[in-house]
Amino acid sequence: MHIGFIGLGNMGGPMARNLLAAGHRLSVHDLSLEAIEGLVEAGAGAVGSVAELGASDAELIITMLPAASHVRQVYLGENGLLAAVAPGVRLIDSSTIDPMTAREVAAAAIQQGNPMLDAPVSGGTGGAEAGTLTFMVGGAAADHDAALPVLRTMGKNIVHCGPAGNGQVAKVANNMLLAISMIGVSEAMSLGVSLGMDPKTLAGIINTSSGRCWSSDTYNPYPGVIEAAPATRGYSGGFGADLMLKDLGLATEAAKQQKQPVMLGALAQQLYQTFSNQGHGTLDFSAIIKMYSGEEQ
Ligand code: NAD
């Protein structure tokens, strides 16, 4: 299949490579020439603009962009995709954005005859490279089914979450919970250690007791508890605190529009905002434990 891909960053780059590896013909575009060159070396064709890619004979175009403003610009802008694509061309946006924008863009696409899905991912850059991402898909069931073979070349779990925007709903709800649970584990670990517990022993108790969760048993924020966790390598790599802050902003904004209270989500957002203002935004999000234990950790 001829596939177009826009947004070849930390996530989009490896996702596009997996499409090439699966034997698809790939045309790519990004604002960064360096990002394009990397994909061209791997066998993709370079396209000079969003409009040019839209007007090509790609049957499916996938976007992986930083935030909602970029998605609006690429799809709805004057020289954007929707103004250029022929009816029938399928569109998938895998960026993490707010559900309302996802619904607005999908409605505009569908109205002009372009089936569209929102399909944000979890699994990080490691999952993008390994082709093991989870895709949370919003849109018509038939469009989800049609996209499955392509999504399976980039991901392992593909879940249809309901109509347009619901992929983003699942993503923001999960990430809000992840932030809250990471802060909870940070607080409990810091309390236990300050009261004299050995961190590994405490984590072992939590992980076989009712406090058990992914933030403790797989990604524990206390250094040295889990060998493979970012905490054990100075909070490098992983999922940046600023990206978590962005997702918490999406969650609290969506909650506001729905008049749905998110007390802990809002508190988590404030903690990550403060942490980011202190200059820690590029550290892995589990470094939030520094708010409890000081810089020396
Ligand atoms: P990134 O900043 O590394 O990549 C984004 C790419 O989009 C860049 O190469 C940029 O040049 C390009 N771009 C921006 N505007 C453009 C435009 N108008 N036209 C063409 N190209 C444009 O970001 P990323 O880490 O790859 O994340 C992409 C999305 O995936 C974000 O929404 C993020 O929240 C989400 N996400 C990221 C991770 C992660 O671990 N990095 C995990 C899950 C989801």
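**Cavities and pockets**

Tutor: The strand β5 gives the most to the lining of the largest cavity, with 3 residues. The model is predicted, so local features need pLDDT of at least 70 and side-chain atom pairs pLDDT 80 or more, while totals for chains, interfaces and linings use all residues. Residues are numbered from 1 along each chain as its sequence is written, and side-chain values use heavy atoms, without hydrogens or water.

A cavity is a set of points, on a 1 Å grid over the protein atoms alone, where a 1.4 Å probe fits but cannot get out; lining residues have an atom within 4 Å of a point. The structure holds 2 cavities of 30 Å³ or more. About 50 Å³ of space lies in the largest cavity, a volume being the space filled by probe spheres set on the points, which are joined across faces, edges and corners.

The lining of the largest cavity consists of Leu-60, Arg-90, Leu-91, Ile-92, Pro-115, Met-116, Leu-117, Asp-143 and Ala-147. Two or more of these residues come from each of β5 (90–93), β6 (116–118) and α8 (141–151). Helices (H or I, at least four residues) and strands (E, at least two) are DSSP runs numbered from the N terminus. By class, the lining has 7 nonpolar residues, no polar ones and 2 charged ones. Here Ala, Val, Leu, Ile, Met, Phe, Trp, Tyr, Cys and Pro count as nonpolar, Asp, Glu, Lys and Arg as charged, and the others, Gly among them, as polar.

The second largest cavity holds about 40 Å³. The classes here are 7 nonpolar, 1 polar and 2 charged.

The open spaces come next. A pocket is an open set of grid points with protein on both sides within 12 Å along at least five of seven lines. The largest pocket has a volume of about 1400 Å³. Its lining comprises 48 residues, and Met-11, Met-64, Thr-96, Phe-239 and Leu-243 lie nearest its centre. Two or more lining residues come from each of α4 (68–76), β7 (121–122), α7 (124–130), α9 (166–194), α11 (214–217) and α12 (241–258). The helix α9 has the largest share, 6 residues. The lining of this pocket divides into 20 nonpolar, 23 polar and 5 charged residues. The largest pocket lies between domain 1 (2–163) and domain 2 (169–292), because both give residues to its lining; the domain bounds come from an automatic or database assignment.

The second largest pocket has about 260 Å³ of space. It is lined by 14 residues, with Val-169, Val-172, Ala-254, Ala-255 and Gln-258 nearest its centre. The helices α6 (99–111), α9 and α12 each give two or more residues to this lining, and the largest share, 5 residues, is from α12. Of the lining residues, 10 are nonpolar, 3 polar and 1 charged. Domain 1 and domain 2 both contribute residues to the lining of the second largest pocket, so this pocket lies between them.
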